[in-house]
Amino acid sequence: MAQTFELRLHSTGHPIVYEVNTRVLMNELSQQSGTPLRLDQIPDTLLDEWQQLGFDAIWLMGIWSPSKRSREIARTHEGLREEYRRALPDVTDEDIGGSPYAVGAYTVARSLGGARSLSALRRKLARRGMGLILDFVSNHTARDHPWVSAHPEYYINGRNGEETEKPGEFFRTRTTKGFRTIAFGRDPHFPSWTDTAQLNPYLPAARTAMIDTLQKIARMCDGVRCDMAMLLLREVFMRTWGAYAASPEQEPLRTEFWEEAIQSVLPQYPQFLFIAEAYWNLEWELQQLGFRATYDKTLYDRLLHEGAGSVYDHLRAELIYQQRCVRFIENHDEHRIAYLMPNEWWHYAAATIAATIPGMLLLHEGQLDGRRVKVPVQLLRRPHEDLSIPTKAFYTKLLSCLHAEIFRRGNWQLLYSKSAWYGNNSHLNIIPYMWRMENDCRFIVVNYAPHNSQCYVELHLDSLDGRTFEFRDLMSPAVYVRDRETLEHKGMYFDLPGYGFHIFTVTPAHTL
């Protein structure tokens with residue numbers, strides 16, 4: 001069923017994954033149709049559009065059975081309610097579900113049609129050459145997940161009374177083994193997630209159950225996006241939980257959770273894709289444990305806050321690392337890029353860089369339409385927005401460029417810019433690079449600054465015959481012809497406007 005997906009995703013260095021807020025999308029489609037729809041009833045026209053845009057896989061965020069306890073907390077937490085009101089001024093309780101990252105059970109929500117509906121949708125995607133990505137929330141479960149009652153030993157347990165001393169860190173609950181005090185899930189740098197219970201993957205029974213769950217998910221999809229994956233690295237976990245990580249009966253395991261978990265899946269599903277949400281410069285470590293791709297939050301931060309020089313330095317990292325990075329300028333955790341970058345050309349320049357460098361490209365549903373409102377993950381409805389026709393046109397054209405095999409199988413090289421004249425340092429704002437594959441070539445140049453910048457870029461087109469070359473921009477009508485000697489010794493001159501960019505196809509001029 002997923003053969004086309006395997007060929008496209010695992011033989012390419014540049015897969016494209018599209019994140020969909022499943023509950024919001026299905027509610028909108030149901031409203032349009034006048035009747036509740038299942039996953040397998042997503043219109044073929046929408047699936048065809050995803051295929052035509054060139055997506056290799058669809059990440060359905062939020063398909064698992066929701067937690068009733070998480071929904072109660074989401075509806076009564078005043079801080080969250082204020083966030084909902086900012087996003088959706090007319091919000092009602094009916095618009096609020098539990099967090100999709102407080103998983104009640106790893107079964108497909110009945111409101112979405114259950115497992116059969118997901119399986120049917122997966123087959124439809126596969127026929128169009130697209131795979132299916134789902135979430136695996138490895139750090140925690142919902143407080144009312146069945147394990148909390150049946151197997152409280154799978155979790156970080158506190159001592160009796162600690163829920164009163166530290167109410168923001170522990171909760172008391174009845175289990176089949178008596179009352180237990182259990183820790184909320186947490187990132188050590190932030191307050192606990194009070195609708196979750198913290199798992200302990202370093203106790204044998206818990207690890208076995210977690211890996212069994214992962215294997216179950218692997219039968220349902222083509223890959224998983226592993227939420228907050230770095231929290232389960234042994235050093236991080238032990239530093240966060242210390243003495244809590246051991247139980248009276250057992251010492252914690254010393255082997256890394258992810259290494260064992262990934263290796264438990266790959267023998268049966270060798271093409272299965274593991275994507276890590278990762279921060280704190282721990283991406284390389286997770287890649288070494290078997291993750292095919294890890295979030296590149298550093299690039300996101302540099303594109304948003306630090307400018308061209310910082311972005312350029314980031315792209316100087318080893319290519320083997322670059323190829324396993326997930327490039328994004330938007331996802332459900334971040335504010336919409338159209339909101340953060342109100343200058344459309346800044347947005348487009350950032351998107352061009354993220355889309356045309358090595359690694360996996362992650363796009364977020366609504367990003368292509370220029371949506372500006374970040375929708376909290378607990379909401380089941382989003383506000384109406386006037387969508388941006390220019391932004392949709394830009395992304396349609398950009399993605400059409402990526403259909404070329406050179407972006408998927410070619411060799412990438414970061415180039416250098418030189419000052420256009422003495423004392424002009426604006427060349428430092430320009431980021432140039434090239435893709436090559438046999439006699440095919442793409443040359444990308446981006447002025448990542450809000451003002452005009454000038455430079456020369458030396459180009460050695462050894463793989464192309466000819467003395468003169470045509471540079472045809474795929475994003476605009478611009479066409480230039482330059483001779484080899486000038487390109488190699490002086491370079492190609494650019495005077496780019498603020499956030500200007502080109503994606504050139506380069507061909508010998510005499511062949512035209």
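This note goes through a predicted model point by point, from the whole chain down to single residues.

1. Basis. Because the model is predicted, local features need pLDDT of at least 70 and side-chain atom pairs count only at pLDDT 80 or more, while totals for chains, interfaces and linings use all residues. Residues are numbered from 1 along each chain as its sequence is written, and side-chain values use heavy atoms, with hydrogens and water left out.

2. Overall make-up. The chain has 20 helices and 24 strands. Helices (H or I, at least four residues) and strands (E, at least two) are DSSP runs, numbered from the N terminus. The radius of gyration is 25 Å, close to the 24 Å that the globule rule gives for 512 residues, so the chain is as compact as a globular protein of that length. That radius is taken over C-alpha atoms, and the globule rule is 2.2 Å times the number of residues to the power 0.38. Along its principal axes the C-alpha trace spans about 80 × 55 × 45 Å.

3. Of the 512 residues in the chain, 59% are buried. Here buried means under 20% relative accessible area, exposed means over 50%, and partly exposed lies in between (1.4 Å probe, protein chains only). The chain exposes about 21600 Å², and carbon and sulfur atoms supply 50% of that area. Accessible areas come from the Shrake-Rupley method with a 1.4 Å probe; for residues, only the protein chains shown count as cover. Among contacts (heavy atoms within 4.5 Å) between residues at least 6 apart in sequence, 76% join residues at least 24 apart.

4. Helix α3. This helix covers residues 44-53, and its buried residues are L46, L47, W50 and L53. Seen down the axis of α3, these buried residues fall within an arc of 125°, so they line one face of the helix. The arc is that of the directions from the helix axis to the C-beta atoms. An α-helix has 3.6 residues a turn, so residues three or four places apart point the same way. The face turned away from the buried side carries the exposed residues T45 and Q52.

5. Surroundings of α3. The buried residues of α3 pack against β1 (16-21), α2 (22-33), β2 (57-61), α6 (114-127) and α18 (389-401). Just after the helix, G54 takes a positive phi of about 95°.

6. A three-stranded sheet. Strands in the order β7-β9-β8 make an open sheet with antiparallel pairing. At the edges stand β7 (157-158) and β8 (170-175), each with a single partner strand, so one side of each is left without a neighbour in the sheet. Two strands pair if DSSP finds at least two bridges between them. Two bridges join β7 to β9 (residues 178-183), and G158 has T181 as its bridge partner in β9. Six bridges join β8 to β9, with R174 opposite F179. These two strands, β8 and β9, form a hairpin with two residues between them.

7. Aromatic pairs. The structure holds 35 aromatic pairs. Rings of Phe, Tyr and Trp (its six-membered ring) pair if their centres lie within 6.5 Å; planes under 30 degrees apart count as stacked, over 60 as edge-to-face and the rest as tilted. One of the pairs is Y106 with F136, tilted, at 6.1 Å centre to centre and 50° between the planes. Y106 lies in strand β4 (residues 105-108) and F136 in strand β5 (residues 131-136), so the pair ties together parts that are 30 residues apart in sequence. Both residues, Y106 and F136, are buried.

8. F272 and F274 form an edge-to-face pair, 5.2 Å centre to centre with 70° between the planes. F272 is buried at a relative accessible area of 6%, and F274 is buried at 1%. Together W64, Y106, F136, F257, W258, F272, F274 and F291 form one aromatic cluster.

9. Backbone points to check. Most residues other than glycine have a negative phi. M228 has a positive phi, near 45°, in the loop between β11 (223-226) and α10 (234-241). M228 counts as buried at 8% relative accessibility. N281 also has a positive phi, of about 60°, although it is not a glycine. N281 lies in the loop between β12 (273-276) and α12 (283-288), and is exposed, with a relative accessible area of 65%.
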